[in-house]
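Subject: Structure handover

Hello,

Here is the structure I promised to pass on. Please open it alongside this email.

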Amino acid sequence: MKVAIMGAGIAGLTCAYELEKYGLRPDIYEIQDDAGGRGFNHTAGWMNIMYRPITDAIAYLKTEFGIILKPMERVHKVNFYSKNNSATMTGKLGYILLMGPGNGSVYRQLKDHIRSPIQFGQVKNFRQLAKDYDHVVIATGTPEIPMVLGNWRTDIAGYIKGATVTGKFDPQTIVMWFNTEWAQRAYGYFVPWNDRKGSLILNMQEVGTHGANINWQKFLKDIKWDIEILETYETPHNIGHVYRCQWQNLIFTGLAGGFLDPLFAFGQIASVASGAAAAKTIVEGADFDKQVRLWLLRNQRLRIMRRYVDKFTDDDFDLAMQVVKSPGFRVLAGRSNVNIIWLLSKLANTLVRHKIEKTIT
Ligand SMILES: Cc1cc2nc3c(=O)[nH]c(=O)nc-3n(C[C@H](O)[C@H](O)[C@H](O)COP(=O)(O)OP(=O)(O)OC[C@H]3O[C@@H](n4cnc5c(N)ncnc54)[C@H](O)[C@@H]3O)c2cc1C
């Protein structure tokens, strides 16, 4: 069986790893000269609370797929700031991992797991690959190919501007800022690499380069951090979904398959899961949609929450800080395994419906 994978990113490399377990060697085509996602290094936070009923994302990848990834650090604290309020969460909250082409990054670690040849610097036409191969896994980390096929709907035109910064940091503390003036209903965040270096990132909606730069300057001015910027990067980060995860002999995985959550724009664990599911589909003829159903359902729930959060004012974000500080939330978040995404999406759905009904009547 001939299999081509477009993209040596999280989903593509995982798919190759799984195919190899079945004795297959796919041909991997990567547009860049190295495996490393969008080409720049940055830190990522894997927050356990986001994946319930999975309690530990690193342990999940090991038991579910045999993928052993080494994080840089554990997250023990998250500081949240809204315009006029703040809150803190502590505990075994998650992990920090390096993304990009650098040594020790998730991409490097996944690449070390596989033996299949990766052809770097290759720009291939997906229609040609579809003719030449029995199966083509689309793992390009962008919605371009499903868009060309009319198989994509953008839910949020996201945009990211980020920087590698130096300063004095706690290596186990992540920081998140919410302020509608410069982040609309998205957010800014900081994930440390160590006690002297980290990634400062601003997630935005519906802006281009110019708007992003203005927001970025406001963000830096507002947070008043004593930092030095080493390098900056920016990229569109569209969130959406495909109408069909499989299209003839194409399988859409990772971001190209809509496996990016619409609330926080996180997608690394779901991208691993979708890459592995594509391999199982190819080898065992397993139903791809069925395998990824829970991830897609999770995104649906997060989309409902996004609709709700999109109406937030700064006062609402201030109120959200009060909720995070409340004893009830602390029990739910820290001492239970309640699926908070499910619970909050139910609540958001009721509140959105209530608002619509109130508007109609
Ligand atoms: C700055 C930033 C911060 C993020 N932080 C987090 C976080 O903290 N937690 C989290 O869970 N998620 C985070 N995400 C999202 C996460 O990175 C993505 O969800 C995930 O990388 C998607 O995996 P993927 O395999 O689909 O794409 P990628 O990992 O991006 O891989 C796609 C690969 O395909 C290649 N490619 C592109 N086009 C072609 C082509 N035509 N032919 C061949 N190859 C091609 C690319 O060069 C790349 O190597 C972040 C994203 C960004 C941009």
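This is a predicted model: local features need pLDDT of at least 70, side-chain atom pairs count only at pLDDT 80 or more; totals for chains, interfaces and linings use all residues.

Domains first. The protein chain splits into domain 1 (3-74 + 99-155 + 240-306) and domain 2 (158-236). Their C-alpha centres are 26 Å apart. Across the boundary, 10 residues of domain 1 are in contact with 14 residues of domain 2. On the domain 1 side, E3 and strand E4 (73-81) each supply at least two residues. E3 gives the most to that side, with four residues. By type, the domain 1 side holds four nonpolar, three polar and three charged residues.

Next, the ligand. It is surrounded by 34 residues, and the closest are Gly7, Gly9, Gly141, Gly254 and Gly267. The shell divides into 17 polar, 15 nonpolar and two charged residues. Both domain 1 and domain 2 take part, each with at least three residues. Several elements each bring at least two residues to the shell: helix H1 (10-21), strand E2 (27-30), strand E3 (42-47), strand E9 (158-166) and helix H8 (268-284).

Then the packing. The largest nonpolar core has 89 residues. Those with the most contacts inside it are Ile5, Met6, Cys15, Val137, Ile138 and Met176. H8 provides the largest share of this core, nine residues. The core also draws on both domains, with at least three residues from each of domain 1 and domain 2. Ile5 is worth a look. Beyond its neighbours within four places in sequence, Ile5 is in contact with Gly12, Cys15, Ala16, Pro26, Ile28, Val137 and Ala139. There is also a second, separate core of seven residues, including Leu302, Met305, Tyr308 and Ile341.

Last, Val78. This residue lies in strand E4. Is Val78 buried or exposed? Val78 counts as buried, because it has 22 C-beta neighbours inside 10 Å and the cut-off is 20 or more. Leaving aside neighbours within four places in sequence, its contacts are Met89, Leu93, Ile174 and Met176. Take the pair Val78 and Met176: they are 98 residues apart in sequence, yet 7.4 Å apart in space, C-alpha to C-alpha. Met176 is also among the residues with the most contacts inside the largest nonpolar core.

Best wishes

Key. Residues are numbered from 1 along each chain as its sequence is written. A residue is near a molecule or strand if its C-beta atom, placed from the backbone, lies within 6 Å of it. Ala, Val, Leu, Ile, Met, Phe, Trp, Tyr, Cys and Pro count as nonpolar, Asp, Glu, Lys and Arg as charged, and the others, Gly among them, as polar. Domain bounds come from an automatic or database domain assignment. Two residues are in contact if their C-beta atoms, placed from the backbone, lie within 7 Å. A nonpolar core is a set of buried Ala, Val, Leu, Ile, Met, Phe, Trp, Tyr and Cys residues joined through C-beta atoms within 7 Å. A residue is buried if 20 or more other C-beta atoms lie within 10 Å of its own, exposed if 12 or fewer, and partly exposed in between; C-beta atoms are placed from the backbone.
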